[in-house]
Amino acid sequence: EGILLFSPLAPMTRDELELVDVPGSTTVLSRLLPDKEVRIGDHWSHDRAVLAALLGLDVVTQTDVGSTLRQVEGAVARMTLKGSISGAVRGISSDVDIEANYDFDLDQRRITWLAMSTKEIRSIGHAEPGFEAMARLRLATAPGPPCPELADPALESLPLESSRKCT
């Protein structure tokens, strides 16, 4: 049900995993987009696994989070995301309110900007204190120089499914 991050060639190191398994990770941003064509003002909901990965939760049990296409200016579609999430981290319940704006570049075919604000209330755990935290995240992405290791010929033979069984 969740999103599995894996390396097709070898296990990821802790440092490598910490680069991609973070709140607001670019590995899940594209999953915020609707699965059908939308018009300005249209609203869509998000998969629980995507929200869990976006916020660093282990599981989302309840959510009303959705996005709306707000406007299109030139080659940029601007969207808003808003709602509440109930979930858990290491078995400890957590409630998150989220508001975000994000831009999709129609020419590059990807999300290039995200500004996200969250308020999280996490319960007290058996060995951890509870907390109430507010966080803001702003990220911008841009194409980098060509990388031979990520060129189509180098990627063609890589498996797209993990051989690891999740339990």
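Modeller: Helices (H or I, at least four residues) and strands (E, at least two) are DSSP runs, numbered from the N terminus. This is a predicted model, in which local features need pLDDT of at least 70, side-chain atom pairs count only at pLDDT 80 or more, and totals for chains, interfaces and linings use all residues. Residues are numbered from 1 along each chain as its sequence is written, and side-chain values use heavy atoms, with hydrogens and water left out.

Biologist: Where is Glu-18 placed?

Modeller: Glu-18 belongs to helix 1, residues 14-20.

Biologist: Why does Glu-18 count as partly exposed?

Modeller: Because its relative accessibility is 45%; buried means under 20% relative accessible area, exposed over 50%, and partly exposed in between (1.4 Å probe, protein chains only).

Biologist: On to Ser-25: where does Ser-25 lie?

Modeller: Ser-25 is in the loop between helix 1 and helix 2 (26-29).

Biologist: Is Ser-25 buried or exposed?

Modeller: Ser-25 is buried, since its relative accessible area is 5%.

Biologist: Which side chain does the side chain of Ser-25 contact?

Modeller: That of Thr-27, through a polar contact of 2.7 Å. A polar contact is a pair of N or O atoms within 3.5 Å; within protein, one must be able to donate a hydrogen and the other to accept it, and residues adjacent in sequence count only if both atoms are side-chain atoms.

Biologist: And Asp-103, what is its place?

Modeller: Asp-103 sits in strand 5, residues 92-105. With a relative accessible area of 10%, Asp-103 is buried, and its side chain is joined to that of Arg-78 by a polar contact of 2.5 Å.
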